[in-house]
Amino acid sequence: DDCRVDVASCSQSVDAAADLLGVDSELRGIFGDEDASGDATTAASILGKSLHTNTIETRDGLITKQLSEAASVDKRDSLSKTLYSRLFDWIVQKINVSIGQDDNAKGLVGLLDIYGFECFAVNDFEQFCINLANEKLQQHFNSHVFKMEQEEYKREQIDWSYISFKDNQDILDLIEAPKTGIIAALDEQCRFPRATFKEFAEKLYNDFDRKHERFERPKKAKRESFTLHHYAGKVTYDAFNFMDKNKDYVVLEHQAMLSRSTRPFIANLFAPDPEAESKGGSRSAMKFSSVSANFKKQLGSLMETLSKMDPHYVRCIKPNVASAPMLFESRNVLNQLRAGGVLEAVRISQAGYPSRRFFTEFVNRFYMIDPNLLRQNIDDRAISQKLCAKAGLEGFQIGLTKVFLRAGQMALLDKQRLLVLQESAIVIAREWRRKKARDL
């Protein structure tokens with residue numbers, strides 16, 4: 001099953017690729033004894049050898065062996081993916097630099113655009129990562145809203161000890177726990193060369209099915225899949241592509257070859273990692289790098305940055321799927337509000353005192369419930385407290401600068417205010433008619 005790249009049959013393609021990558025024809029020491037193969041030392045032959053051979057670095061030297069056709073295809077694809085990833089990172093870096101951020105600036109405004117929670121007919125590895133990000137951001141949003149509530153209650157000296165919020169830490173632990181989470185199980189299976197997606201799914205079933213309330217094994221699935229109970233609802237993931245999409249191999253021959261490219265741009269993209277080189281020891285030809293683990297690490301860095309900021313949220317709601325004018329789909333909008341955490345934020349607010357008014361504002365609006373209070377020599381805080389008592393409210397607290405009302409209490413006040421105004425309007429109308437009749 002050994003194979004070799006026939007440079008002669010595809011000379012134009014290989015020559016063009018070697019030229020674009022700046023492969024150095026004078027390269028030595030990557031594949032062991034190059035002269036033993038009898039190949040001409042050209043840039044194209046060096047690139048070809050990096051695709052159809054495997055080299056393992058040991059303390060005693062380099063060991064090179066031929067690869068099968070399938071393994072060579074995997075190696076080629078790995079080079080393409082690595083090159084794409086490095087170029088993407090370079091573009092992002094250039095964009096960040098071109099924005100012109102001032103290091104001496106006193107403030108910083110960052111924009112984070114999140115696509116949102118995803119649940120399709122078939123959900124793959126991409127949806128798994130996106131929904132993990134949304135779980136983390138939802139936890140941050142909930143804790144931020146709850147924290148703002150706590151801070152205002154503390155500032156106004158309001159008792160808030162009984163208020164709680166729904167935490168989704170259990171689903172986050174299920175996904176990203178260091179040794180026992182789904183990502184850890186996925187990485188473990190990816191390190192076994194012959195492991196399959198079925199074995200990955202079976203491991204999840206054995207570890208979590210009927211043992212974790214957020215995990216469920218679908219009863220009627222065409223192939224191996226698993227269901228997670230996210231904060232926004234249940235999502236069933238197809239495990240078929242999880243292992244393939246989680247593998248991000250960095251081939252050491254490619255790293256060594258392109259780090260010494262004759263093109264400075266390519267050489268800079270593949271600059272050696274001093275930390276990795278300092279470890280020494282035996283190194284395999286293909287170093288496994290977990291996409292999900294890297295995503296988890298970057299997500300952790302993002303959350304650390306957000307925790308240092310003063311966040312403000314903008315929720316974008318589509319009124320209908322067709323993007324048509326004058327069409328409002330209530331069920332679709334409700335699902336978006338639930339998935340975006342807006343309903344949970346409202347619940348957190350309603351669990352405490354959602355209606356708040358400054359004393360002056362409160363007195364100006366509701367003084368007619370007991371006008372005699374304005375004639376007493378007391379401040380607005382005392383008047384506000386007496387007005388609440390006069391109205392028979394039960395769910396209220398008086399802070400240092402505001403009146404705090406439980407859900408529904410403001411409606412009771414408005415109802416009594418309206419009754420007083422209506423009675424006053426009747427009296428005014430009666431007196432006006434009486435005066436008009438006398439004048440006649």
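These legends go with a few close-up views of a predicted model. Local features need pLDDT of at least 70 and side-chain atom pairs pLDDT 80 or more, while totals for chains, interfaces and linings use all residues. Numbering runs from 1 along each chain as its sequence is written, and side-chain values use heavy atoms, with hydrogens and water left out.

**View A. The β4–β5 hairpin.** Strands β4 (residues 225-230) and β5 (residues 233-238) run antiparallel, joined by six bridges, with two residues between them. Strands here are DSSP E runs of at least two residues, helices H or I runs of at least four, numbered from the N terminus; strands pair if DSSP finds at least two bridges between them. S225 sits opposite D238 in β5. Five of the six β4 residues are buried (under 20% relative accessible area; exposed is over 50%, partly exposed in between; 1.4 Å probe, protein chains only).

**View B. E126 meets K245.** This salt bridge has its closest N and O atoms 3.0 Å apart (the rule: a side-chain nitrogen of Lys or Arg within 4 Å of a carboxyl oxygen of Asp or Glu). The pair ties helix α4 (residues 125-155) to helix α8 (residues 242-246), 119 residues apart. E126 is partly exposed at 37% relative accessible area, and K245 is partly exposed at 29%.

**View C. K402 meets E152.** Here the N to O distance is 2.6 Å. K402 belongs to strand β10 (residues 402-405) and E152 to helix α4, 250 residues apart. K402 counts as buried at 15% relative accessibility; E152 is buried too, at 11%.
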